[in-house]
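I opened this notebook to keep a record of what I looked up, one entry for each topic. The sequence and the structure come first.

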Amino acid sequence: MTETSGPPGVSVEGVSFGYPGRPVLDGVDLRVAPGELTALVGLNGCGKSTLLRLAAGLLAPTSGRVLLGGDDLARLGRRAAARRVALLHQSAPPVPGMTVRQLVRQGRYAQRGPLGMLRDGDDAAVRRALDDVGVAAWADRPVDALSGGERQRVRLAMALAQDTRVLLLDEPTTYLDLHHQLDVLQTVVRLRAQRGLTVVMVLHDLGHAARFAERVVALRGGAVVADGAPEEVVTPRFLAEVLDVAGRVGRDPEGGWPVCYPDHPLSPLANDNHVQ
């Protein structure tokens, strides 16, 4: 790995961000401890993906700052930030004719630079990423011939090939069937332990967040409205106030994580009447 002193933490301090006429985040404070696996949840448009892009150094806050291992991302520049934090975007453009190996090698751009990318052959980080995600046997297959679940594993390998200690995942299970959702999430959990990663992932499925993350952070209206261990924060009140859903919350009889039973949608203005 590039860094040897352990994974860095991510600190978001008083961060605000928006577009003309559309504020997105308003004074967000969040600290992700080194080695932690955190899930970001919330309604569409609450700022989850924007927060990941800020944490990856792809956007600059209008106020506040983002620190990675104590260093201000605003002072690093994009390529320098990409050597330290990898972001798996929610979607990616099609890559006709590109093989699995060629796509995964794209993750080496920040480390190798444009001249290094012209050299033939895989380096150790590419080979390890292919092996760790279990796609080495597909290395010479065209990416556009893969299923959605297979393609997502390859994109995860590309992110790992950046050889960073912080991994940000924006809805990594979108468009996948349940089998591949579980496959991707279990792979992330395994790699986080094996590689010693700090992981933040945006998830729409609260059940998955409660099961696989050790911490759940909820955004609403551009601010953090809940933050804690799943068993502490995932409650009927959480469902109502964060997701506008009336429902019940139980416990998995074997694993002990919260299990949500959504009943019906709530009006955003009326959810207080349904909170328990």
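Predicted model: local features only at pLDDT ≥ 70, side-chain atom pairs only at ≥ 80, totals over all residues.

Entry on arginine 155. I looked up where arginine 155 lies and found it in helix α6, which covers residues 148-160. I then asked whether a partner of opposite charge goes with this buried residue, and I noted that arginine 155 has no salt bridge, since the nearest such side chain, that of aspartate 170, is 8.5 Å away, while a salt bridge needs the atoms within 4 Å. What I did find is a polar contact of 2.7 Å between the side chains of arginine 155 and glutamine 152. Leaving aside residues up to four places away in sequence, I listed Leu88, His89, Gln90, Ser91 and Ala92 as residues that arginine 155 touches.

Entry on rings. My search of the whole structure gave 1 aromatic pair. The pair is phenylalanine 17 with tyrosine 19, and I call it edge-to-face because the ring planes stand at 90°, with the centres 5.1 Å apart. Phenylalanine 17 is buried at 8% relative accessibility, whereas tyrosine 19 is partly exposed at 38%. I also noted that the charged end of arginine 79 sits over the ring of tyrosine 109, 5.9 Å from the ring centre.

Entry on helix α5. In this helix, residues 124-133, I recorded Ala125, Val126, Ala129, Leu130, Asp132 and Val133 as buried, and among the elements covering them are α3, α6 and α7. At the start of α5, I found a side-chain oxygen of aspartate 123 within 3.2 Å of the backbone nitrogen of alanine 125; just after the helix, glycine 134 has a positive phi of about 80°.

Conventions. Residues numbered from 1 in each chain as written. Heavy atoms only, no water. Helix = DSSP H or I, 4+ residues; strand = E, 2+ residues; numbered from the N terminus. Buried < 20%, exposed > 50% of the residue type's maximum accessible area, 1.4 Å probe, protein only. Lys, Arg positive; Asp, Glu negative; His and termini not counted. Polar contact = N/O pair within 3.5 Å; in protein donor to acceptor, adjacent residues only side chain to side chain. Contact = heavy atoms within 4.5 Å. Phe/Tyr/Trp six-rings, centres within 6.5 Å; stacked < 30°, edge-to-face > 60°. Lys NZ or Arg CZ within 6 Å of the ring centre and 35° of its normal.
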